[in-house]
Amino acid sequence: MSRGFYVGRFQPYHNGHQSVLERIASSADEIVIGVGSAQISHTVANPFTAGERVLMLTRSLADLDCPFYVIPIEDVQRNALWAAHVRSMTPPFDTVYSSNPLVMQLFAEAGVDVQSPDMYERLTHSGTVIRQRMLDGEPWEHLVPPAVVDVIREIHGVERLQRIAGSD
């Protein structure tokens, strides 16, 4: 049985993430999804809580034809220990899927097989772009799965982001 690991902040989870996970599902028997920086929320760069991001992921992947586990992972401030920290928080996995150079380096140094999946329309499918569109009142809903739109509306996420970004 093969188990792949995919990590992201998912601020918010978007169609690019969905595309990568659908491709991973075609090659792995199970997927472990790490919700990175789980301790951070309510900032412009990280407006959503780990629990909210877990909702976004689990609802968006409900029809994925591959078992998956969503695990919040808090940051550690020592990169040399990060891969071991992740492994202590997750079910065992064989392969890491990431295009993040630091993630790829840290797991390669830890002796884990690392694969870099092609990213989906990276210029528009980026959490930074989506959050900016929310702040500017521009359409963003087409960049995320419908379940994510529902979660963000349920938690009044756009309003939260706009309040956080405001000045006093």
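This is a predicted model: local features need pLDDT of at least 70, side-chain atom pairs count only at pLDDT 80 or more; totals for chains, interfaces and linings use all residues.
Side-chain values use heavy atoms, with hydrogens and water left out, and residues are numbered from 1 along each chain as its sequence is written.

**View 1. Arginine 59 meets glutamate 154 in a salt bridge.** The N to O distance here is 3.1 Å; a salt bridge means a side-chain nitrogen of Lys or Arg within 4 Å of a carboxyl oxygen of Asp or Glu. Arginine 59 belongs to helix H2 and glutamate 154 to helix H6 (residues 146–154), 95 residues apart. Helices are DSSP runs (H or I, at least four residues) and strands are too (E, at least two), numbered from the N terminus. Arginine 59 is partly exposed at 36% relative accessibility.

**View 2. Glutamate 52 pairs with arginine 160 in a salt bridge.** N to O is 2.7 Å. Glutamate 52 lies in helix H2 (residues 50–60) and arginine 160 in helix H7 (residues 157–165), so this pair ties together parts that are 108 residues apart in sequence. Glutamate 52 is buried at 10% relative accessibility, and arginine 160 is buried at 11%.

**View 3. Glutamate 30 and arginine 3 form a salt bridge.** Their N to O distance is 2.7 Å. Here strand E2 (residues 30–35) supplies glutamate 30 and strand E1 (residues 3–8) supplies arginine 3, 27 residues apart. Both residues, glutamate 30 and arginine 3, are buried.

Notes:
Buried means under 20% relative accessible area, exposed over 50%, partly exposed in between (1.4 Å probe, protein chains only).
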